[in-house]
Amino acid sequence: MPRPYEEDEARQPILQQADTDTDEPSTARLIRRSDDDELSERLTGCGATACCNPNSALHRFQALILMCLVGFGSYFCYDNPGALQDTFKSDLDLTTTQFVMLYSIYSWPNVILCFIGGFLMDRVFGIRLGTIIYMFILLIGQLIFAMGATINMFWLMIVGRFLFGIGAESLAVAQNSYAVLWFKGKELNMVFGLQLSFARVGSTVNFLVMVPIYKYVKSLGYQGHMCTGVVLLLATLTCVMSMFCALILGWMDRRAARLTKRNDSAPGGEVAKLSDVRTFKVSFWMVTVICVAYYVAIFPFIALGKVFFMRKYDFSAEDANTVNSIVYIIAAVASPVFGLVVDRFGRNVLWVFLSVTVTIIAHGMLAFSHLNPYIGMITMGLAYSMLASSLWPLVALIVPEYQLGTAYGICQSVQNLGLAVISMISGMIVDKGGYFMLEIFFIGWLIVSLLATIVIWLYDASNDGILNMSPAGRELYASKSLQRSSTDIAGSSSDSTDGGRLERERRAKDPEVIRNRYVNRVLDATPTQSESDLVE
């Protein structure tokens with residue numbers, strides 16, 4: 001991902017020199033912060049106000065709203081089939097296996113393309129153009145999906161969902177990258193939680209309004225597959241809104257980069273390469289395991305949950321949709337709150353462990369008891385919100401910033417592989433064994449995610465332990481690590497030969513040094529003395 005600098009960081013003294021150094025290089029003098037703020041002098045009128053100044057918190061908040069709305073249409077349309085499961089199967093004459101295929105085909109292309117999409121955003125498109133391209137692909141896919149339902153051509157609906165999936169999952173990678181670009185060193189956990197919150201608002205609104213919309217369209221005289229197609233076309237309007245938000249956000253980011261003189265190239269000239277995946281740590285790969293094993297117990301369950309609640313608890317279609325959407329309603333409220341909690345106390349791995357454990361309890365209540373299903377679904381919603389706010393920011397602590405698009409792409413790709421396979425298996429389990437066996441199946445996957453969390457905890461504890469530190473502990477660790485790097489490189493710089501310069505350049509590109517520099521920026525957003533040793 002292009003190297004971002006937060007706020008006025010482009011003019012911070014990245015190459016710090018002693019103030020007594022009268023022979024300071026011209027480059028360092030140019031980027032040293034002056035006593036008077038050049039940007040404030042240059043901005044006048046509306047540009048100098050809080051809502052238009054890229055350095056202000058209010059302006060970043062406006063950008064955050066747009067980041068959230070970019071994903072609204074994607075999540076709203078993703079669960080269109082789930083909200084209309086019974087009408088889909090009757091109007092389009094689908095079996096449960098065919099119905100689940102509408103979800104699995106969404107995931108299959110992203111087993112590869114989501115990873116490639118993240119890499120292309122890092123290396124080719126950049127975040128602004130990449131977001132717009134992926135949003136456009138998503139919009140076209142939803143239109144084709146709706147047209148396929150209108151003319152009752154199942155294969156055309158499959159093609160539409162295929163394209164929709166390509167755009168939607170790569171768009172999620174772009175959203176994560178935007179969040180790090182604008183909010184690193186600040187409330188990053190809260191931002192991830194708020195993004196999830198808005199996304200789940202999209203899913204919740206879908207479950208609440210699609211049945212009334214279907215009934216209204218049917219009252220206008222549309223019947224069967226034609227009625228379903230018109231309803232899906234109306235749902236496409238949310239994707240059009242998200243497209244406009246992506247365009248506005250791209251313009252805002254370009255303006256902010258120009259006014260703050262943000263350097264969009266990677267530090268030290270690092271460039272994302274496919275071979276970088278060999279340097280990713282065990283903790284990152286365990287995060288990807290959790291992405292699969294946890295989410296396959298959430299999304300496929302919600303996709304099939306409407307009929308589950310109608311059969312086991314004798315709910316009406318509207319009541320079943322309401323309880324089925326509880327997870328998303330809870331996430332919309334709780335995710336930002338849990339994000340703030342994680343920002344305050346840290347201990348991400350502990351929160352992930354608690355989230356998985358509570359989710360196992362929630363599925364157990366739904367499977368083995370006849371308690372009010374709202375209890376189990378509310379519990380699941382709280383655990384789901386807690387996990388999303390603590391798991392995804394771990395990637396930003398494990399992987400250097402210029403590789404984040406690739407890393408998030410891998411997470412999304414592996415997750416989609418799991419969702420594609422598990423969604424199809426889930427449909428077959430329901431057809432042959434019923435919903436009780438499906439719950440046992442999901443609990444098994446949650447146990448896998450719990451074991452992966454334990455592996456992360458043990459691996460992190462045997463190394464630097466940064467993933468489960470408090471914010472203060474992480475800042476102290478980053479400072480000490482960079483001081484050690486500075487000492488090592490200063491020793492090699494005493495050699496005035498070309499060999500000494502080559503050694504400094506080699507150390508500057510060392511993955512551990514890069515990671516330490518990045519962790520320091522994420523945790524503190526302050527340049528360190530070691531960076532002046534790394535660049536001469």
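Trp108, Leu417, Val421, Met424 and Met428 make a nonpolar surface patch of about 380 Å² in this predicted model. A patch here gathers residues with over 30% relative accessible area and no salt bridge, joining nonpolar side chains (Val, Leu, Ile, Met, Phe, Trp, Tyr) within 5 Å and like charges within 9 Å. Leu417 belongs to helix α18, residues 404-433, and counts as partly exposed because its relative accessibility is 37%. For these classes, buried means under 20% relative accessible area, exposed over 50%, and partly exposed in between, with a 1.4 Å probe and protein chains only. The areas themselves come from the Shrake-Rupley method with a 1.4 Å probe, and for residues only the protein chains shown count as cover.

Residues are numbered from 1 along each chain as its sequence is written, and side-chain values use heavy atoms, with hydrogens and water left out. As the model is a predicted one, local features need pLDDT of at least 70 and side-chain atom pairs count only at pLDDT 80 or more, while totals for chains, interfaces and linings use all residues.

Now step back to the whole chain, which has 23 helices and 0 strands. These are DSSP runs numbered from the N terminus: H or I of at least four residues for helices, E of at least two for strands. Of the 536 residues, 59% are buried. The accessible surface comes to about 20600 Å², and carbon and sulfur atoms own 66% of that. Among contacts (heavy atoms within 4.5 Å) with a separation of 6 or more, 80% are between residues 24 or more positions apart.

Back in helix α18, let us look at Ser426. Ser426 is buried, because its relative accessible area is 0%. Leaving out residues up to four places away in sequence, Ser426 touches Pro300, Leu304, Leu438, Phe441 and Phe442. Two of these contacts, Leu438 and Phe442, are listed among the buried residues of helix α19. Helix α19 covers residues 435-462 and spans 41 Å from first C-alpha to last, close to the 40 Å expected at 1.5 Å a residue; the expected span is 1.5 Å times one less than the number of residues.

Phe441 and Phe442 also join a cluster linked by ring pairs, together with Phe301, Phe308, Phe309, Tyr313, Phe315, Tyr435 and Trp445. Rings of Phe, Tyr and Trp (its six-membered ring) pair if their centres lie within 6.5 Å; planes under 30 degrees apart are stacked, over 60 edge-to-face, and the rest tilted. The structure holds 20 such aromatic pairs. In one of them, the centres of Phe301 and Phe309 are 6.2 Å apart with planes at 80°, so the pair is edge-to-face. Both Phe301 and Phe309 are buried.

Helix α13, residues 299-313, also holds Lys306. This lysine is buried, because its relative accessible area is 1%. Beyond its neighbours within four places in sequence, Lys306 has contacts that include Asp86, Gln85, Asn321 and Asn324.

Our last stop is the 1 salt bridge counted, defined as a side-chain nitrogen of Lys or Arg within 4 Å of a carboxyl oxygen of Asp or Glu. Arg128 and Asp253 form this bridge, with their closest N and O atoms 2.6 Å apart. The pair ties helix α8 (residues 110-150) to helix α11, across 125 residues of sequence. Arg128 is partly exposed, because its relative accessible area is 25%, whereas Asp253 counts as buried because its relative accessibility is 0%.
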